[in-house]
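Have the structure open while you read.

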Amino acid sequence: MEISRIIDLFLFAIPSLITGIIAYYFFREHTRNEDGRRRFLLKKDLQVNAMPLRLQAYERMALFLERISPSKLLIRITPISSSKEDYESLLIQSVEQEFEHNLSQQIYISDRCWNIITTAKNATIQLIRKASMLEKTDTANKLREVVLTEMMERRSPSDAALSFIKEEVSDLW
């Protein structure tokens, strides 16, 4: 008779165990879904708050690239003396100051974009230095002329970087 009671007890316990296992898996899945939903909502809120900052960073970097574009840089900064070395230093210093002013924007833009912007800055400085080293460049005004002539013949480094920024911003939408 004991065996029949054990079997009866076992038959009553099986549905309880099955119900318990189903409830465990149901609540575990429910908890995972709720956790995922909370993470999604948190990420969505963060993106809503961060998007204006990212766009502002791209705007500032576009402005930086426009300001260091050789043709605009030479128009904005006029030579103080006729010394090409002084003018070269003034131009390079201006580019570096603009860059340092915008250093904090790198946390809001992609690493690839930041590298392209840095490369454009360095290429602009290199262009000024190369123009200054030419034999025909003997005065500050001649340096301006040589750089502007160079810009007529090819695309400025700033333009390439600006195109990349526009492409990256369009990918945000």
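The expected span here is 1.5 Å times one less than the number of residues, and helices are DSSP runs (H or I, at least four residues), numbered from the N terminus. Keep in mind that this is a predicted model, where local features need pLDDT of at least 70, side-chain atom pairs count only at pLDDT 80 or more, and totals for chains, interfaces and linings use all residues. Residues are numbered from 1 along each chain as its sequence is written, and side-chain values use heavy atoms, with hydrogens and water left out.

- The buried residues of α3 are Lys84, Tyr87, Glu88, Leu91, Ile92, Ser94, Val95, Glu98 and Phe99 (buried means under 20% relative accessible area, exposed over 50% and partly exposed in between, with a 1.4 Å probe and protein chains only).
- They cover an arc of only 150 degrees around the axis, which puts them on the same side of α3; the arc is that of the directions from the helix axis to the C-beta atoms.
- On the other side of α3 you'll find Glu100 and His101, both exposed.
- What do the buried residues of α3 pack against? They pack against α1, α2 (70–76), α4 and α5, with contact meaning heavy atoms within 4.5 Å.

**α3 against α4**

- The angle between α3 and α4 is about 175 degrees, and their axes are 10 Å apart. Axes are lines fitted to C-alpha atoms, for helices over the stretch in contact, and angles run from 0 to 180 degrees between N-to-C directions.
- That makes α3 roughly antiparallel to α4 (angles under 35 degrees count as roughly parallel, over 145 as roughly antiparallel, 65 to 115 as roughly perpendicular and the rest as oblique).
- On the α3 side, the contact is made by Lys84, Glu88, Leu91, Ile92, Val95, Glu96 and Phe99. From α4 come Trp114, Thr118, Lys121, Ile125, Ile128, Arg129 and Ser132.

**Helix α6**

- Helix α6 (residues 157–172) has 16 residues and reaches 24 Å from its first C-alpha to its last, close to the 22 Å expected at 1.5 Å a residue.
- Its buried residues are Pro157, Ser158, Ala161, Leu162, Phe164, Ile165, Glu168 and Val169.
- They cover an arc of only 160 degrees around the axis, which puts them on the same side of α6.
- Lys166 and Asp171 are exposed on the face of α6 turned away from its buried side.
- The buried residues of α6 pack against α1 (2–68) and α4 (111–133).

**α1 and its two partners**

- The axes of α1 and α6 come within 9 Å and cross at roughly 165 degrees. That makes α1 roughly antiparallel to α6.
- The crossing of α1 and α6 is left-handed, meaning the near helix is turned anticlockwise from the far one by less than a right angle, whereas clockwise would be right-handed.
- Residues making this contact include Met51, Tyr58 and Leu65 of α1, along with Ala161, Ile165 and Leu172 of α6.
- α1 and α4 pack at about 15 degrees with their axes 10 Å apart, and are therefore roughly parallel to each other.
- The crossing of α1 and α4 is left-handed too. Among the residues in contact are Tyr58, Phe64 and Ile68 of α1 and Trp114, Ile117 and Thr124 of α4.

**Two residues up close**

- Is valine 146 buried or exposed? At 11% relative accessibility, valine 146 counts as buried, and its place is in helix α5 (residues 140–153).
- Not counting residues up to four places away in sequence, valine 146 touches Ala131, Leu134, Lys136 and Thr137.
- Aspartate 138 is in the loop between α4 and α5 and counts as exposed, at 55% relative accessibility.
- Leaving aside its neighbours within four places in sequence, aspartate 138 is in contact with Ser82 and Lys84.
- Aspartate 138 and glutamate 85 are 53 residues apart in sequence, and 9.3 Å apart in space, C-alpha to C-alpha.

How values were computed: Helix = DSSP H or I, 4+ residues; strand = E, 2+ residues; numbered from the N terminus.
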